[in-house]
Amino acid sequence: MSVTAVVKNCGILLESPYWDVPSQTFYFVDILGHTVHRYNPANGSHEQVNVGEMVGTVIKTKSGKIMLASKCRFAYLDWSTGALTTVANVDKDLPNNRFNDGKCDAKGRFWAGTMGPESSPAVVLPKQGSLFCLHPDKSVTKHAEDLDISNGIAWSLDNKIMYYIDSLTRMIEAFDFNLETGEISNRRPAVKLTDEEGLPDGMCMDTEGMLWLGCYSSSRVNRYNPITGEKLQTVMFPVTNITSCCFGGPNLDELYVTCSRAGISDEIVKNEQPLAASIFKVTGLGVTGFASNEFDD
Ligand code: BGC
Ligand code: CA
């Protein structure tokens with residue numbers, strides 16, 4: 001196994017790793033830098049576009065467009081100008097909220113959750129967030145509220161369970177998931193993190209039904225069995241705040257990992273964590289993931 005920084009120091013709060021199979025490129029966002037990024041491992045090119053607001057999630061659509069969960073809206077992104085076209089607004093009465101993590105389900109719905117303003121990383125105005133779903137007809141439904149930091153989402157191999165993280169619970173939770181209707185129910189704990197493991201942030205599913213979790217504030221990505229709650233493996237990184245991960249590469253067997261330098265002083269970055277806001281690629285894990293679901297537009 002090897003861990004390599006493939007895009008070095010390219011922002012502040014890097015999030016939303018997304019491997020785009022059609023273009024074989026890797027998308028991610030810098031929430032605090034207001035930018036969406038694209039990295040092409042075949043030629044090493046790295047491009048970015050400023051969208052002018054806090055952008056939480058980037059995904060692709062079936063028709064090839066780029067879609068965001070950004071500030072308090074779902075929107076299309078015009079890559080050449082950075083212009084956003086709003087598809088739907090959320091949290092209209094909470095103007096200081098913003099979208100955080102999101103992902104599309106197997107029926108092409110776009111799920112994403114919000115959070116209140118943070119005074120410093122993980123110190124948030126409590127219970128301001130909600131979990132939303134944008135349907136292919138562009139209607140929006142709300143599925144959970146009173147959330148602190150809405151974060152990672154993933155589905156079981158049979159699509160009967162949706163795994164979900166509200167970071168300050170320090171758990172990965174499970175909902176029963178109805179793939180046909182998009183309803184979730186029966187919220188319950190699936191994995192409980194120890195103090196040493198830090199805060200659960202973003203996650204993805206592998207083809208064996210195991211979850212890979214970016215652990216904020218503990219320098220690691222952990223693999224868990226979400227049925228038993230058991231930790232199976234730990235991969236360590238030379239940075240503190242891992243935010244998320246996703247599988248990518250031609251064979252979907254490389255793990256792309258995002259991290260954050262928000263709240264870490266310039267001095268610590270310089271002397272102790274020179275890669276504090278980088279994209280890492282882990283190879284040789286011996287497992288594969290799935291192609292990302294796209295929004296059904
Ligand atoms: C959020 C950050 C937050 C971190 C730790 C991330 O997903 O984007 O704002 O500080 O989680 O909970
Ligand atoms: Ca996250």
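Start with the aromatic pairs: there are 12 of them. Rings of Phe, Tyr and Trp (its six-membered ring) pair if their centres lie within 6.5 Å; planes under 30 degrees apart are stacked, over 60 edge-to-face, and the rest tilted. The model is predicted, so local features need pLDDT of at least 70 and side-chain atom pairs pLDDT 80 or more, while totals for chains, interfaces and linings use all residues. Residues are numbered from 1 along each chain as its sequence is written, chains are lettered from A and ligands numbered from 1 in written order, and side-chain values use heavy atoms, without hydrogens and water.

**Stop 1: F26 and Y256.** Select both rings. Their centres are 4.5 Å apart and their planes lie at 20°, so this pair is stacked. F26 belongs to strand 3, Y256 to strand 25 (residues 254-260), and 230 residues separate them. Strands here are DSSP runs of E, at least two residues long, numbered from the N terminus. F26 is buried at 0% relative accessibility. Y256 is buried too, also at 0%. Buried means under 20% relative accessible area, exposed over 50%, and partly exposed in between (1.4 Å probe, protein chains only).

**Stop 2: the cores.** Which residues have the most contacts inside the largest nonpolar core? Select V36, L68, F74, L77 and F110; this core has 31 residues. Strands that each supply at least two of its residues include strand 6 (55-60), strand 9 (84-89) and strand 10 (98-104). A nonpolar core is a set of buried Ala, Val, Leu, Ile, Met, Phe, Trp, Tyr and Cys residues joined through side-chain atoms within 4.5 Å. Next, select a second, separate core of 17 residues, with C204, W212, C245 and V257 among them.

Go back to L77. Leaving out residues up to four places away in sequence, L77 touches V36, V49, V51, I66, L68, G82, A83 and L84. Contact means heavy atoms within 4.5 Å.

**Stop 3: charges over rings.** Select R38 and W79. R38 lies over the face of W79, 4.1 Å from the ring centre. Then take K65, whose charged end sits over the ring of Y76, 5.3 Å from its centre. The rule: NZ of Lys or CZ of Arg within 6 Å of the ring centre and within 35 degrees of the ring normal.

**Stop 4: positive phi.** Most residues other than glycine have a negative phi. S16 has a positive phi, near 55°. Find S16 in strand 2 (residues 14-20); S16 is buried at 4% relative accessibility. Finish at K127, with a positive phi near 55°. K127 is in the loop between strand 13 (123-124) and strand 14 (129-134), and is partly exposed at 45%.

Key:
Helices (H or I, at least four residues) and strands (E, at least two) are DSSP runs, numbered from the N terminus.
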